[in-house]
Amino acid sequence: MSSPSQVAWWAMSGSSDAANGTSSSPELFDKIVNLTKRRGFVYPSAEIYGGFRSTYDYGPVGVLLLRNVKDAWWRSMVQLRGDVFGLDASILSPPQIWEASGHLANFTDPLVDCTSCKTRHRLDKLEDPDQCPNCKERGTFTEPRAFNLMFKTHAGPVEDSGAVAYLRPETAQGMFINFKNVIDTTRAKPPFGIAQVGKSFRNEITPGNFVFRTREFEQMEMEYFVHPSEANQWYEYWCAERFQWYLDHGIPAEKLRLRPHDEDELSHYSSGTSDVEFMFPWGWDELEGIANRGNYDLTQHANHSGERLEWYDQAANERWTPHVIEPAAGATRTAMAFLMAAYDEEEVRGEKRVVLRLHHRIAPYKVAVLPLSKKPELSEPAQALAQRLRGRFMTDYDETQAIGRRYRRQDEIGTPYCITFDFESLEDNAVTIRERDSMDQVRVAIDEVESYLSEKMS
Ligand code: ATP
């Protein structure tokens, strides 16, 4: 394998989409992928060993971005509501769960092999189901085979069938199997939700397009349990809420759409599913699915486990199985969409400026403190200011290179505010705060910096 520096390193993921030239804006894609490597957002995993297909490590800046995406989701879905409860269920899980959920039988993708160039493809994702996107030959595909996407392993020292375990391919089942626990241990009553953020694993046939489709990824999912007669109205509600979340966090409306599934795309139990889609450089693609799942999941788990997974309405003396509305989003995929939506280039005084116009809640660092000189008379009070700000904001500190280059570095990682500590600061006890997008500068008293930033980023 070529070393990552010799080829476009994200191409190691073997993307059929990126490789076959369907990308409508490959240049933008390249620029963003290279920026993420250069600035410590994302590294190819196991790079010193030549890389490991389709896995990525999030670097010092990327881990902040990803965490902010998950925190922003949690804030909207759990913290700011009173009706959604959090959960962190285990990743390793016994086969019974996946038997009940239908994943063992049905969580498959149709796999075809090209007999001419020996590449492997997902039939349902091909633009032309009769033409190999790699060698362009027609009629060279084998019959499709159902390929189960779950990673199977063995728990404990014995590799017999009794020890089989699976890495979860979605976080959702954790919420269904804990439905009764949550009801019994909280004041939850329908309509209410259970939310979870965490890793999922799928043995994808054609991972690719950088972190868009990987075998290990993070999801942000919520199951909202409602009275059957209210399911439709809650489905509409969650479609609107989830769409608005992306707008509120800075994705422009023209790059976002809500696409209801056609009848033939729906799972047999779903009475409605809509995808929030983003205009990626290769076209519209999914960020999140919102599904009206009926009572399928609770009924399946009740039947397989023998537990009653119902709601008992004491006042009406009625028992019923709640219906479920599920907004299921990908954290890693969404982080990538935020980067793509935020990327901008402009000319400033004859020089190109690259800037990530990220929403402040998503931006990795909120503020950077930059002393004009490395001399201790400036660096010491500047470091003290940075340390003070760290209690409230993720703060970067940088005293190397010329100030212009330091601004450029912060622009490239999307830091909304830069604070310059100069020699005058020693006299007037004030600093210059530069805003990323407008590059406007204001002088603010050092004592007021925290309240200034809090107000700007509330
Ligand atoms: P796709 O059709 O792209 O395979 P899906 O419809 O199977 O996705 P869901 O099962 O609905 O996806 O999962 C919910 C969300 O999880 C997706 O909208 C996506 O953001 C994210 N996701 C799913 N699979 C992957 C993956 N392999 N890599 C990264 N994110 C993923």
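**Note on the predicted model**

1. Helices (H or I, at least four residues) and strands (E, at least two) are DSSP runs, numbered from the N terminus.

2. This is a predicted model, in which local features need pLDDT of at least 70, side-chain atom pairs count only at pLDDT 80 or more, and totals for chains, interfaces and linings use all residues. Residues are numbered from 1 along each chain as its sequence is written.

3. N317 likewise has a positive phi of about 50° without being a glycine. It is found in the loop between β15 (311–313) and β16 (318–320). N317 is exposed, because 7 other C-beta atoms lie within 10 Å. A further backbone feature is the cis peptide bond that joins P190 and P191, with omega about 0°. P191 belongs to the loop between α7 (179–185) and β10 (192–201).

4. The protein chain holds 14 helices and 24 strands. Its radius of gyration is 25 Å, close to the 23 Å that the globule rule gives for 458 residues, so the chain is as compact as a globular protein of that length. The radius is taken over C-alpha atoms, and the rule is 2.2 Å times the number of residues to the power 0.38. Along the principal axes, the C-alpha atoms fill a box of roughly 75 × 65 × 50 Å. Of the 458 residues, 37% count as buried.

5. Two residues are in contact if their C-beta atoms, placed from the backbone, lie within 7 Å.

6. The domain assignment gives domain 1 (9–92 + 167–339) and domain 2 (365–456); such bounds come from an automatic or database assignment. The C-alpha centres of the two domains lie 36 Å apart. Four residues from domain 1 and four residues from domain 2 make the contact. On the side of domain 1 that touches domain 2, three residues are nonpolar, none is polar and one is charged. Here Ala, Val, Leu, Ile, Met, Phe, Trp, Tyr, Cys and Pro count as nonpolar, Asp, Glu, Lys and Arg as charged, and the others, Gly among them, as polar.

7. In soluble globular proteins, nonpolar side chains tend to be buried together. In this model the largest nonpolar core has 90 residues, and F338, V369 and I419 have the most contacts inside it. This core draws at least three residues from each of domain 1 and domain 2. A nonpolar core is a set of buried Ala, Val, Leu, Ile, Met, Phe, Trp, Tyr and Cys residues joined through C-beta atoms within 7 Å. Setting aside residues up to four places away in sequence, F338 touches V69, G250, I251, L358 and I362.

8. Which residues of helix α12 (residues 403–413) are buried? They are R406, Y407, Q410, D411 and I413. Their cover includes α3 (60–79), β19 (351–356), β20 (367–371), β22 (417–421) and β23 (430–435). After α12 comes G414, whose phi is positive, near 80°.

9. Around the ligand there are 16 residues, of which F217, G289, A328, G330 and R333 come nearest. The elements that give two or more residues to this shell are β11 (216–226), β14 (283–292), β17 (323–330) and α10 (331–342). β14 gives the most, with four residues. By class, the shell divides into four nonpolar, five polar and seven charged residues. A residue is near a molecule if its C-beta atom, placed from the backbone, lies within 6 Å of it.

10. R333 has its place in helix α10 and is buried, because 25 other C-beta atoms lie within 10 Å. Apart from neighbours within four places in sequence, R333 is in contact with V211, F212 and L287.

11. E288, found in strand β14, is buried, because 26 other C-beta atoms lie within 10 Å. Not counting residues up to four places away in sequence, E288 touches R242, D275, V276, P327, A328 and A329.

Key: A residue is buried if 20 or more other C-beta atoms lie within 10 Å of its own, exposed if 12 or fewer, and partly exposed in between; C-beta atoms are placed from the backbone.
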